[in-house]
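This report is meant for a reader who is meeting the structure for the first time.

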Amino acid sequence: MFVIFKDLLKRDKKFLFGFVVIFILAFLAIISIFSPYDPRSWNVVPKDRPPSLQYLLGTNSMGQDIFWNTTHALKNSFILGLTTAIISTIIGTIVGLIAGYRGGILDRVLMSINDSFIVLPSLPILVFLSFSLRERMTIFVLGAILSIFSWPWGGKQVRAQVLSLREREFTYTSVFSGMNMWKVVFKEHLPFVIPWVIANFINTILWALGMEITLSVLGLTSLETPTIGTTIHWAMQYQAIFRGIWWWMLTPIILSIIFFVALYMLSVSISEFLDPRTRLQRIKMGG
């Protein structure tokens, strides 16, 4: 995997751009631990100050420093995206590996469950769950709920790959050597599907961030916890644009655009790297 990562950094400008941007955003999220302000506290700085040397991104109508509030928002958004992606990827990968390898009745049952979650209208259900669990809607709870609706896509993709792998000669050799199902799928098949798993992992983070912003704007998350979505929510509640406090609204919007573009670039780069036609071209060019 390190060789693939190094190759992508060297040859793919989209991957390099996405990686550098995510690295910078992650750095901003990390420095939130040095924030001089409690992210849940109001009226700790003068209100509605424009960007300056003292307040790099200005202050808002709640008396918060937007720069430090943004670092906390980034940290929590990262935690949400990673929580959703980790849970979703683990479930989807295991289901896909087992269904693809075993086939038969087990495959049909697992894929029926998988497809049932795919066709569910996720947004209305998420709105209902968020409203019902609003008092207990922490970042981790929201991440767990979002993962319920995101794992089937990865499961379907992994299963498709394993259906091909199980007919390969090395699979038959592993079975004849006495390896059980778990050893075959995790030792023999998993290394082949990891690149697809990584691409799906990034796509799940993208989806989770988008859903969090949607639910937060509707006021259905923990609004005391700073995220990109809750920052937009409070800016809208205080009518920041109409009152000329443009820096309050533009900061999370520009941040979300940059975040989404960077993750998209990473996802596209990995997908193109996995494309057999692209790999064949690299081989012909001596890659």
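Predicted model: local features only at pLDDT ≥ 70, side-chain atom pairs only at ≥ 80, totals over all residues.

**Nonpolar cores**

The largest nonpolar core of the model has 34 residues, and those with the most contacts inside it are Ile22, Leu25, Trp248, Phe259, Leu263 and Ile270. The elements that give two or more residues to this core are α2 (13-30), α3 (66-102), α8 (181-217), α9 (228-237) and α10 (246-274). Of these, α10 provides the largest share, which amounts to eleven residues. Apart from this core lies another one, of 16 residues, and Ala99, Leu110, Val158 and Leu165 are among its members.

When residues up to four places away in sequence are not counted, Ile270 touches Leu8, Phe15, Pro195, Ile198, Ala199 and Ile202.

**The bent helix α8**

A straight helix of 37 residues would span 54 Å at 1.5 Å a residue, whereas α8 spans only 46 Å between its end C-alpha atoms. Where does α8 bend, and by about how much? The bend is at Leu190 and comes to about 65°, and a proline, Pro191, follows within four residues. At the start of α8, a side-chain oxygen of Asn180 reaches to within 3.2 Å of the backbone nitrogen of Trp182, while just after the helix Gly219 takes a positive phi of about 80°.

**Salt bridges**

A search of the whole structure finds five salt bridges, and the table lists some of them.

| Salt bridge | Closest N and O atoms |
|---|---|
| Asp12 and Lys14 | 3.9 Å |
| Arg243 and Asp48 | 3.1 Å |

In the salt bridge between Arg243 and Asp48, Arg243 lies in the loop between α9 and α10 and Asp48 in the loop between α2 and α3, so the pair ties together parts that are 195 residues apart in sequence. Arg243 is partly exposed, with a relative accessible area of 42%, and Asp48 also counts as partly exposed, at 25%.

Are Asp107 and Arg159 buried or exposed? Asp107 is buried, and Arg159 is buried as well.

In the salt bridge that Asp12 forms with Lys14, Asp12 has a relative accessibility of 13% and therefore counts as buried, the cut-off being under 20%. Lys14, with a relative accessible area of 30%, is partly exposed.

Ser267 is found in helix α10 and, at 6% relative accessibility, counts as buried. Leaving out residues up to four places away in sequence, Ser267 touches Ala199, Ile202 and Asn203; of these, Ala199 and Ile202 are also touched by Ile270.

Thr70 is found in helix α3 and has a relative accessibility of 11%, so Thr70 counts as buried too. With neighbours within four places in sequence set aside, Thr70 is in contact with Leu57, Thr251 and Leu255. The C-alpha atoms of Thr70 and Ile228 are separated by 7.6 Å, although these residues are 158 residues apart along the chain.

Methods:
Residues numbered from 1 in each chain as written. Heavy atoms only, no water. Core = buried A, V, L, I, M, F, W, Y, C linked by side-chain atoms within 4.5 Å. Buried < 20%, exposed > 50% of the residue type's maximum accessible area, 1.4 Å probe, protein only. Contact = heavy atoms within 4.5 Å. Expected span 1.5 Å × (residues − 1). Bend = angle between axes of the 7 residues up to and from the residue. Polar contact = N/O pair within 3.5 Å; in protein donor to acceptor, adjacent residues only side chain to side chain. Salt bridge = Lys/Arg side-chain N within 4 Å of Asp/Glu carboxyl O.
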